[in-house]
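Take a look at the structure, then work through them one step at a time.

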Amino acid sequence: MFDTAEVQAALREFQIDAWLLYDFRGTNVLARRVLGLSDEAVGSRRFFYLVPAHGAPRKFVHRIEAGALDDLPGEKRVYLRWQELEAGVRALVEGFATVAMEYSPRNANPYVSRVDAGTVELVRSCGPAIVSSGDLVQRFEATWTDAMWQLHLAAEKHTQSAFDLAWKLIAERTRDGGRVDEREVCDAILEHFARNGMTTYHPPIVARAPHSGDPHYETGTGSDTAIRAGDLVMIDLWAKIDHPDGVYSDLTRMGFVGETVPREHAEVFAIVARARDAAIDRVRTAFASGEPLQGWQVDRAARDCVEAAGYGERFVHRTGHSIGRETHGNGANMDDLETREERRVLPRTCFSIEPGIYLPEFGIRSEVNVYVAEDGTVHVTGGPPQTEILPIFREFRAAR
């Protein structure tokens, strides 16, 4: 439920005069979520909802959909003609030096940019400086309640156990010259999720040998999808408890179908693990000292390790992404590659840490989830971070 007092407190914290939430035909899903508007009630006319740091909110709606914001507090004005719209927007923002919108300068962060350029031009022409609402959005869209944190821990239990199930299946089927298809392992994981009340938006990645060198490989689509002894296997899986407030657990682990992991695989994994741990340490250090931390800084901590080892060009994605009800949530990403993520890492948010190195012959990724509690305590979930590639035959000897 929309809470005016909480929004105004956040505006004052971030030193922004007002937040102008705008939507046209559902194009601004972030504004709709912050306002608590139903996806079933998307209108066909523009609306504006202004929340000042001090004072009462104001609604501005079209005559045909005059009741669009009636569930929200504040005085309502109605427009019909385009001239009335432009004059009304001017009246809404008059007197404010800074107004936040779902906007990112130069579209540097497309996850935030949900307001079209023309509307930004209109508001800017009325006098205020337009600033990004990115941190405001994540404060009200990406932060977790205590119940969501508990649902994440419940999901973590079943995502962790999915790995043991998958590795055991691979061990059983590949000993003595056998094989198991990537899709079979994927299906077993999905059945495990279903048995445990979990849901997911997309099947997991099960990638053998060179397929693991493709960060977004689609399971079972490679030229040879049979897992055999001697194969490196990457499993990247994500799921949440099937509940309205369920949030994802998103993890990646590496296994080798054999007794001993080849040296080249182990050496690359060691680099990736150092990068993962450097990113985690960057978060912990910042929150322990009270230092404001932006997403790009976490990415840089991991990326510096990979670049120092000579594999910078093979680390082809951001270090991590926001996690929420969607696997890729609306909070700060850990990114200084695809974007320069300047949104702050906030308490009560969760994100992945998943550096990777992707070579033509194989790829290595290690992924954990990080949740920052209200008091700044940093929790790493997904079990103890993997310290070495799992030698599947050695780990699952009982599978003989």
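Rings of Phe, Tyr and Trp (its six-membered ring) count as a pair if their centres lie within 6.5 Å. The model you see is predicted.

**Exercise 1.** Find how many aromatic pairs the rule gives, then classify the pair Phe163 and Trp167.

*Solution.* The count comes to 10 aromatic pairs. In the pair of Phe163 and Trp167, the centres are 6.5 Å apart and the planes are at 25°. Planes under 30 degrees apart count as stacked, so Phe163 and Trp167 are a stacked pair. Now for their place in the chain: the two sit 4 residues apart in helix α6 (residues 146–174), so about one helical turn separates them. Phe163 and Trp167 are both buried.

**Exercise 2.** Work out what kind of pair Tyr201 and Tyr248 form, and which parts it ties together.

*Solution.* The ring centres of Tyr201 and Tyr248 are 6.4 Å apart, and because their planes are at 80°, the pair is edge-to-face. Next, locate them: Tyr201 is in the loop between β8 (198–199) and β9 (205–208), while Tyr248 is in the loop between β11 (232–241) and β12 (249–256), so the pair ties together parts 47 residues apart in sequence. Last, check accessibility: Tyr201 is exposed, at 52% relative accessibility, whereas Tyr248 is buried at 3%.

**Exercise 3.** Find which ring has the charged end of Arg303 over it, and do likewise for Arg340.

*Solution.* Arg303 has its charged end over the ring of Phe315, 3.9 Å from the centre. For Arg340, the ring belongs to Trp296, and the distance to its centre is 3.8 Å.

Notes:
Residues numbered from 1 in each chain as written. Predicted model: local features only at pLDDT ≥ 70, side-chain atom pairs only at ≥ 80, totals over all residues. Heavy atoms only, no water. Phe/Tyr/Trp six-rings, centres within 6.5 Å; stacked < 30°, edge-to-face > 60°. Buried < 20%, exposed > 50% of the residue type's maximum accessible area, 1.4 Å probe, protein only. Lys NZ or Arg CZ within 6 Å of the ring centre and 35° of its normal.
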